[in-house]
Amino acid sequence: HVLKKEEFKKANTGLAHTFQLINVDDFEGRGESTPTAYFYQNVGEAEYSVALFQHLVLIGYPPEKISILTTYNGQKELITDILSQRCGAGTPLAGIKPGAISTVDQYQGQQNNFIILSLVR
């Protein structure tokens, strides 16, 4: 029946378009925060970025071909922290890491097949 039923003929390819813009609403009532000057963070967007990375890995995209970029060091640190929790020891994706977690400025001159861009602010 797998070959005959419509629902089994639809594959989840991960992303429907070459690029997608996704607005991430406030997470549990919290949007952007600034724990210290110029250290911008957005928990909802960081969680979404890590979840998207995990999703892509689970459906077969090689983790080293995915990079997560952001415009602020605060967001980079937050994404790194969340990723270490979601892909840390004792989790199903233990040890899985993206090709890079970086700010846009630090990433200049590099490239990867898939970029998850977290734009805080």
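## Nonpolar surface patch

Val104, Ile115, Leu117 and Leu119 make a nonpolar surface patch of about 330 Å². A patch consists of residues with over 30% relative accessible area and no salt bridge, with nonpolar side chains (Val, Leu, Ile, Met, Phe, Trp, Tyr) joined within 5 Å and like charges within 9 Å. A salt bridge here is a side-chain nitrogen of Lys or Arg within 4 Å of a carboxyl oxygen of Asp or Glu. Accessible areas follow the Shrake-Rupley method with a 1.4 Å probe, and for residues only the protein chains shown count as cover.

The model is predicted: local features need pLDDT of at least 70, side-chain atom pairs count only at pLDDT 80 or more, and totals for chains, interfaces and linings use all residues. Residues are numbered from 1 along each chain as its sequence is written, and side-chain values use heavy atoms, leaving out hydrogens and water.

Within the patch, Leu117 lies in strand S5. Leu117 has a relative accessible area of 46% and is therefore partly exposed (buried is under 20%, exposed over 50%, partly exposed in between; 1.4 Å probe, protein chains only).

## The parallel sheet

Strand S5 also belongs to an open sheet of three strands, ordered S4-S3-S5 with parallel pairing. Strand S4 (100–103) and S5 are at the edges with a single partner strand each, so one side of each has no neighbour in the sheet. From one strand to the next, the twist averages 20° (axes are lines fitted to C-alpha atoms, for helices over the stretch in contact, and angles run from 0 to 180 degrees between N-to-C directions).

Four bridges join S3 and S4 in the parallel sense; two strands pair if DSSP finds at least two bridges between them. Ile68 stands opposite Ile101 in S4. Strands (E, at least two residues) and helices (H or I, at least four) are DSSP runs, numbered from the N terminus.

## Aromatic pairs

There are two aromatic pairs. Rings of Phe, Tyr and Trp (its six-membered ring) pair if their centres lie within 6.5 Å; planes under 30 degrees apart are stacked, over 60 edge-to-face, and the rest tilted. Tyr40 and Tyr72 form an edge-to-face pair, 4.6 Å centre to centre with 70° between the planes. Tyr40 is buried at 12% relative accessibility, whereas Tyr72 is partly exposed at 23%.

The ring centres of Tyr61 and Phe114 are 4.9 Å apart with planes at 90°, so this pair is edge-to-face. The pair links distant parts of the chain, 53 residues apart: Tyr61 in the loop between helix H1 (43–58) and S3, and Phe114 in strand S5 (residues 114–118). Tyr61 is buried at 18%, and Phe114 is partly exposed at 26%.
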